[in-house]
Amino acid sequence: MLKFAGLLTLCVFMSHLAAIDSTIAVSQHAEQVSLSGQLYAIQDTGGLLSLAQVQQIDNWQHLKSSNPSFGITRNAVWLTFKLTGDSNTPIPLFFHLDFPVLDTVDVYILDNGELVNHFQAGEGLPFDARPIDYSGLIFPINAKQNVVTDVYVRVMNKGSMELPVSLWSQTAFLKNQLSILLIWGAMFSVFLVMTAYNGVLFYTTRDPMFGVFSLFCISIFAYFFTLRGFSFQYFWPNSSQWEIASPLVFIATSTALFNLLVYYFLQLSKSIKVGRFFLIMAALNAATILLLPIIEFASVMRLQIVFIITSATAAIIIGFVRWRKQNNQERLAFIGILSCACFAIYTTLGKLEVLNVSYLTDNGIAIAVTLTSLLFSFTLADRFRRLEKEKQDIKEESSAYLEQYRSLFESVSEGVFILNSQDELISANPSFCKMFNCESFEGVKHYIEREAQLLQLDGYQDFLKSVHDNKRVTNLTVELPVSKNKTIWVEVNSHHKSISDTEWTIEGTISDISERKANQTQLEYMANHDSLTHLLNRRAFEKELKSLVFKPEQTHALIYLDLDQFKVINDVYGHTVGDEFLRRLARQLKSELNNDQVLARLGGDEFGILSVNTEQQQAETLANLLLECVQNFSVQLTDAKLTVGASIGLVVFNREMNNIELLLSRADAACYLAKDLGRNRMHIYSAADDTFRQRQLDMSWVPVIKQAIENDDFQLYFQLIRPINGKEYGISYEILLRLNYQGEVVSPFDFLPAAERYGLMTQVDRWVITHFFQFLQAHPEHIKQLIKASINLSVQSISDPTFTEFLKQQFKTYQVPHKNICFEITETTAISNLDTTLSFINEYREKGCEFAIDDFGTGFSSFAYLKQLPADYLKIDGLFVKNILNSDVDRSMVASICEVADKLKIRTVAEFVESKAISDELMMLGVSYGQGYYFDRPSPIEELIHGKDILTQ
């Protein structure tokens with residue numbers, strides 16, 4: 001068994017030696033000798049082995065292909081084969097290594113084991129070191145009869161190690177290379193023609209796509225020219241280092257331009273992310289060129305391969321995504337781009353030894369680029385044709401627009417003009433000419449040149465300065481002289497258009513706005529003047545006042561004049577007569593004032609006067625003069641002589657008083673006091689006056705009351721009303737009001753006078769009614785115990801025409817029985833608005849409500865009016881009740897009221913009952929009910945539900 005194994009091993013070893021020793025027999029008539037299956041290779045790590053050392057190695061790799069590829073390797077590769085001839089004379093052959101960009105190639109030729117020739121070639125050596133002056137790598141070999149020629153080939157390369165080898169007769173080789181050169185020449189011719197064509201298109205259109213494609217063709221052309229060795233032979237035969245780097249430089253440039261080509265061709269500028277990707281890839285490809293002096297060549301090559309595959313794959317993907325958006329011509333060009341991308345990937349995979357090296361891996365991309373050049377050029381030509389058509393369309397459209405512009409220029413109502421850099425008029429339309437009363441452009445130009453001094457006026461110079469400073473003027477309003485005696489207001493819109501560093505034009509439009517300006521002036525006048533008297537109105541008066549309060553070290557006077565009894569003139573003689581009276585009075589008042597004094601109509605019959613730089617004595621004199629003027633003024637009618645009086649408020653102020661609202665308030669307060677003091681007089685404001693302080697205090701309550709209404713800061717109280725003589729089975733009380741302010745409960749005596757004076761009582765009354773009715777609705781059991789709840793109503797509420805409707809809605813909403821409600825109206829309210837009060841009382845008495853006359857006895861005509869008022873109760877004023885035990889007059893007054901009320905069948909209620917003695921005295925006088933601290937103190941309304949036991953008190 002051991003002998004058989006040893007014999008088998010020996011046979012295998014001998015067969016291996018036989019394979020290595022196989023020799024190629026070359027016939028004298030052979031044109032090409034196949035090396036397939038005749039090649040052997042070893043890889044020399046580090047490239048340190050010598051020929052002698054290689055000859056001692058017996059484990060050579062048998063190569064089945066004559067086109068081996070070893071990928072990107074740092075090792076040297078040795079090839080070897082043997083040949084012999086069948087002719088008595090040596091047969092001249094060419095050994096062709098068809099990859100001209102190898103760095104160094106050493107070819108050793110041994111005849112019968114003796115070295116007869118050593119050739120060196122490659123990009124790493126000067127071109128003239130080659131055995132034959134040819135762009136490719138060819139080496140002469142002679143095949144001899146009876147001589148075994150050993151050929152050893154040592155190859156070193158920093159890039160891809162492709163070793164396509166062949167053996168040719170010299171004649172056949174030259175014929176073959178000539179046919180290949182013709183093919184490459186045709187392709188390069190296409191490249192050159194397309195490059196030139198697209199270069200011309202780029203020069204014509206300035207479209208970057210044409211320029212990029214032209215550069216792409218040049219770069220591909222340069223790459224293949226270098227790849228075939230022509231550049232080394234003809235351009236830089238002594239620059240071996242550049243020859244080594246140039247293929248990578250040109251392929252990096254081509255890939256970068258390919259990315260830009262995809263970017264422009266597929267119009268990726270509209271797709272920001274995708275477009276940015278291709279721009280970045282173009283930049284990265286170009287940047288790899290800078291890495292050559294820094295990083296090892298093989299590493300740069302691998303990096304470039306990654307970029308090529310990435311860019312090509314991305315182009316394929318985005319191209320298919322955009323397929324539908326392309327026309328047929330663009331799709332053909334895209335097919336060409338796809339073929340370039342696919343063959344770029346295919347060739348790269350061949351160089352990486354993933355695919356077998358073949359004709360397609362070597363030449364496919366050249367064919368694809370040639371095809372792409374044709375297709376792409378056709379596409380670009382079609383796009384150029386379409387661009388030219390678009391330009392023609394635009395030109396025709398521009399001509400149409402130009403014609404429309406000319407028509408518009410001639411017919412538009414606005415003036416259109418052009419000035420040159422010397423500010424001279426060089427063009428104007430008919431409307432512009434008409435503004436200067438000229439019939440033609442020559443006429444208006446001649447007029448402007450003749451009357452040049454007119455254009456030195458401020459309006460024209462302001463316009464020129466604005467347009468030169470800002471380069472654009474919009475809505476500039478200026479007064480323009482159009483003749484010696486006439487100017488018009490115009491609105492100018494123009495812009496500064498640069499022609500060169502020293503030349504420009506000013507183009508613009510000009511519109512006559514004289515009528516609009518006049519209307520605007522009229523509107524401004526109307527906005528600041530009273531339409532009836534043509535005096536300043538309140539708005540303008542306040543502006544004047546505001547300007548005075550900031551004048552330093554001056555004292556001024558503010559006079560507030562309110563006519564007395566002017567309403568009588570309007571009511572008796574009508575508003576037409578009243579208006580004429582005011583017009584004449586305004587003229588009379590104005591005649592009494594000088595230029596430093598301002599007169600304004602502030603309201604219906606109210607006037608304001610400002611006197612500048614006026615001391616108090618002068619102000620008093622002026623106020624009395626105006627008062628006397630009003631007193632002496634009259635308007636004579638056919639049957640009457642109309643006169644009025646005046647109440648005047650005077651305030652003297654300086655810069656320290658810079659609050660115009662406060663000044664007006666003080667003047668109004670002074671005028672109000674003049675009316676209170678008897679009218680037809682003047683009153684001077686003084687901060688020390690108690691009356692003024694009270695009025696200011698009242699005014700300070702106004703915002704508090706308004707806020708209380710909005711925020712429900714009021715609180716309802718009640719005070720019981722008890723029968724003095726007899727008993728009732730139930731409860732009666734008066735609803736009272738308190739204010740929760742800053743944590744304290746404020747009495748109505750503090751804030752209700754302000755509410756009455758400033759017209760807030762209607763809002764207060766509505767708040768009371770709404771919230772009390774809500775309380776009753778929420779506690780129906782309380783209504784069963786309730787006899788009567790009294791609610792006070794002000795004169796403002798009764799006089800308000802909307803209050804009755806409001807009250808109806810409240811009764812309906814909260815379902816409150818009318819019979820349980822009694823409204824209290826003061827005696828003065830009832831008498832001052834008798835008709836309105838009677839109408840209100842009658843309407844709600846019919847529904848079941850009752851009414852009480854409050855504070856009875858304080859008026860002078862109480863008994864006279866009592867017969868006309870259908871009241872259910874008289875509430876005797878507490879001023880009589882509280883002193884009834886000590887004053888016979890007060891006791892007699894109460895007795896009289898009770899006697900009259902008894903005759904009229906009206907029940908009486910005495911206020912301010914503070915002791916049992918007063919209650920007993922009232923009982924003897926016949927008073928029906930009492931209200932006061934003796935019976936009950938005011939309490940929050942909530943105690944009606946859960947509080948003191950009211951029924952037992």
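- Strands β7 and β13 belong to an open sheet of four strands, and its order is β2-β13-β7-β10.
- The pairing in this sheet is antiparallel.
- At the edges you will find β2 (32-33) and β10 (137-143); each has a single partner strand, so one side of each has no neighbour in the sheet.

**The nonpolar cores**
- With 77 residues, the largest nonpolar core has I705, F714, Y733, F772, I821 and L922 as the residues with the most contacts inside it.
- Helix α22 (residues 761-778) contributes the most to this core, giving nine residues.
- There is also a second, separate core of 74 residues, and I24, L102, F139 and L257 are among its members.

**A look at Y733**
- Leaving aside residues up to four places away in sequence, Y733 touches several residues, including F718, L720, I721, F772, L776 and L786.
- Among the other residues that Y733 touches are Q719, H782, K788 and L944.

**How confident is the prediction?**
- The protein chain has an average pLDDT of 80, and 85% of the residues score at least 70.
- Take care with residues 1-19, where the pLDDT is below 50.
- Beyond near neighbours in sequence, that stretch, residues 1-19, has four contacts in the model.

How values were computed
Residues are numbered from 1 along each chain as its sequence is written. This is a predicted model: local features need pLDDT of at least 70, side-chain atom pairs count only at pLDDT 80 or more; totals for chains, interfaces and linings use all residues. Side-chain values use heavy atoms; hydrogens and water are left out. A nonpolar core is a set of buried Ala, Val, Leu, Ile, Met, Phe, Trp, Tyr and Cys residues joined through side-chain atoms within 4.5 Å. Buried means under 20% relative accessible area, exposed over 50%, partly exposed in between (1.4 Å probe, protein chains only). Helices (H or I, at least four residues) and strands (E, at least two) are DSSP runs, numbered from the N terminus. Contact means heavy atoms within 4.5 Å. Two strands pair if DSSP finds at least two bridges between them. pLDDT is the predictor's confidence in each residue, from 0 to 100.
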